[in-house]
Amino acid sequence: MIVTILFQTCSELYCDFFTMMLYLSFLFQSHTILLVQTGGNPNTRTYADYNTVDECTDGICKLFEEHLKKLHPQSPSITYDISELYDFIDSLTDLSCLIFQGEPTNTYLPFNKDWIKERIYIQLRKQAAAK
C-alpha cells in the first residue's frame, strides 16, 4: 500500500515536472519585450522586442557591449566578465522582460533583473560549452 501511494505520488510529480518543462520550453520560445530605463529621467525609457528569450538576452549583452564601446572608444577589442555585465544590469534604473504566454490568456508575464541575470548566465554557459 505504501509503495503504491509513493509510486502514484512520484508519477504525479514526474507528470507535473514534465508539464512544467514543456511549458518552460514554450515560454523561452515566445515573443519577448525588453523594457529598459537607463536613468532616473522617464525619457530614458525604451523597449525592444524579440522572437525568443535567447534573442532578448543576446540583446542585453549587445546593449552592454555598446555601453563599453562608448566608455572605451579607442579600444580595438572589448572583453568583460559576467560580474561586470551584472553590475551594468544592476546600475540600470529598470530592466524587465515581458514574455508572451499564448493560449488561453494571451497575456505577457513580467520577469525582473534577477531572473534576467539567471537567464544570461545559463545562455552564456551553453555558448561556452558549445565552443
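Trainee: First up, is Lys126 buried, exposed or partly exposed?

Mentor: Lys126 is partly exposed, with a relative accessible area of 48%. Buried means under 20% relative accessible area, exposed over 50%, and partly exposed in between, with a 1.4 Å probe and protein chains only. Bear in mind that this is a predicted model, where local features need pLDDT of at least 70, side-chain atom pairs count only at pLDDT 80 or more, and totals for chains, interfaces and linings use all residues. Residues are numbered from 1 along each chain as its sequence is written, and side-chain values use heavy atoms, with hydrogens and water left out.

Trainee: OK, and what does Lys126 form a salt bridge with?

Mentor: With Asp54, the closest N and O atoms being 3.9 Å apart. Lys126 sits in helix α4 and Asp54 in helix α2, 72 residues apart. A salt bridge here is a side-chain nitrogen of Lys or Arg within 4 Å of a carboxyl oxygen of Asp or Glu. Helices are DSSP runs of H or I with at least four residues, strands are E runs of at least two, and both are numbered from the N terminus.

Trainee: Which residues are networked with Asp54?

Mentor: Asp54, Arg119 and Lys126 are linked in a network of salt bridges. For Asp54 and Arg119, the closest N and O atoms are 3.7 Å apart. Asp54 lies in α2 (residues 53–71) and Arg119 in α4 (residues 113–130), so this pair ties together parts 65 residues apart in sequence.

Trainee: And how accessible are Asp54 and Arg119?

Mentor: Asp54 is partly exposed at 24% relative accessibility, while Arg119 counts as buried at 10%.

Trainee: How many salt bridges does the whole structure have?

Mentor: Five. One of them joins Lys117 and Asp90 at 2.8 Å, N to O. Lys117 is buried at 12%, and Asp90 is partly exposed at 41%.

Trainee: Switching to α3, which of its residues are buried?

Mentor: Leu85, Phe88 and Ile89. Seen down the helix axis, the buried residues of α3 fall within an arc of 100°, so they line one face. The arc is taken from the directions from the helix axis to the C-beta atoms.

Trainee: What's exposed on the other side of α3?

Mentor: Asp87 and Ser91.

Trainee: Last one: what covers the buried residues of α3?

Mentor: The cover includes α2, β3 (94–100) and α4, where contact means heavy atoms within 4.5 Å.
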